[in-house]
Each structure stands twice: as structure tokens, then as C-alpha cells.
Amino acid sequence: MKVIIAFSLILSNLLYSQIKVSDDYKKIPDILDTAEYLYPFIVPDKDYAYWRVLSNDMDYEKAVIYESQAPDFMTINEPVPERGFFQKCIGNNCFSYILACKNEKSVYFSSEQQLRDFIGTVDNLPEAILLAKTYGYSVDTSNRFTGAYKMDNRHFSMYLMQSKGCPAVKESFLVTINRRTGKLEAKRNGVYAKDENCTSL
């Protein structure tokens, strides 16, 4: 057993050394590894009088994750959709969705594709991370090869990670997003960690 553990550690260190991140990539701030902190930076592609991000928590006060500025007289009371984006489980407080008001009508955004449509043009780093999250990529700021980015007028390029399966396997990716179209391309950098404790990833 000790031999297997030692071999795994050596293999992990070899993979670490093979994933090179050029110096023009900056570290993604630690706070941006959580979706709830990304929503306030969304600049919707269309003009909405009001919008809010909610979870399907039964307690309405706890359900509101973020809400934009709204006129005092405006209230939106709509039923919770059956499914949403970033589905974690089945039941209470398991997914998120957006409820917006346009031309005095309520509009739902309750899937990953609809969230991408709501974001539209990728204006900033939090939007880029959120869009990548809709494709299953996330930030791990403990490593440069899973938590670094650079940007120019046309693209966001980010080193992100995916975690799959049980035992959970972590893999590094170089993700490139076209800022105008939101189109995402990804290149594998290799597996860098395995974890028997699936809930920790």
C-alpha cells in the first residue's frame, strides 16, 4: 500500500512539473471560485428593468442570492421552476435560476444555455468564469494551472479544472472564450490529482 501511495505522489509531482503556465497569466482572485460572488458582475446582454438570481430554497429570504436595483413599486412573485442551472441534487436548495422583468413581463433563465444567453457578450472575468462553469469547469486557486487567466480585446484565456467520478479525478484545462460570441474551446493539460473522498472536490 505504501508503495502505491509513494508512486501516486511521484506521478502527481511529475504532472505538476509538466503543466506550464506562462508569466503573462495572472492569478484569479480567491473570491471568484464561488458562483454566488460572480452574479453581481453580470452585465446582461439585454436591457432588463430588474433581475434576480435565486435558489430553489423553500425559505424565500434565503432563496435570493443576488438582485439588481429595482424600482420600489416592483415586485415579482412567480413559482419556482422545476429545474435550474448548476443542479447539485434533487430537492430543496439544489439549483439556481434567474428571474428577470422585461416590458413588465417575467422571464425565466433556468438552464446553463439560458444563463449563457442572459450573459451574452463576455464583459469581465467573473462572467467568463460563470460561463465556463456552465460547461463544467471551475476555479481552484491553489494552483496556477487551475486558477490563472489573461485577457485581450477578443478572448479570455483561463487555466481551470474539472472534477469527475468517484474516486474523483481532477484535471487541468486551458479554456479560451470568445468575448463576443461566448464560444468556448478547451485543451486538456492532464490529470493532476485523484481523491477517494468524492465530497471534498
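Tutor: This is a predicted model, in which local features need pLDDT of at least 70, side-chain atom pairs count only at pLDDT 80 or more, and totals for chains, interfaces and linings use all residues. Residues are numbered from 1 along each chain as its sequence is written, and side-chain values use heavy atoms, with hydrogens and water left out.

Student: What makes K183 and E185 a salt bridge?

Tutor: The term requires a side-chain nitrogen of Lys or Arg within 4 Å of a carboxyl oxygen of Asp or Glu. The closest N and O atoms of K183 and E185 are 3.9 Å apart, so the pair meets the cut-off of 4 Å.

Student: Why is K183 called exposed?

Tutor: Buried means under 20% relative accessible area, exposed over 50%, and partly exposed in between (1.4 Å probe, protein chains only). K183 has 54% relative accessibility and therefore counts as exposed.

Student: Why are D24 and K150 called partly exposed?

Tutor: D24 stands at 43% and K150 at 31%, so both values fall between the limits for buried and exposed. D24 also forms a salt bridge with K150, with closest N and O atoms 3.2 Å apart. The two residues are 126 residues apart in the chain.

Student: What makes strand 3 (64–67) an edge strand?

Tutor: Strands are DSSP runs (E, at least two residues), numbered from the N terminus, and two strands pair if DSSP finds at least two bridges between them. Strand 2 (residues 50–55) and strand 3 are joined by 3 bridges, so they pair under that rule. Strand 3 has a single partner strand, so one side of it is left without a neighbour in the sheet.

Terms used. Helices (H or I, at least four residues) and strands (E, at least two) are DSSP runs, numbered from the N terminus.
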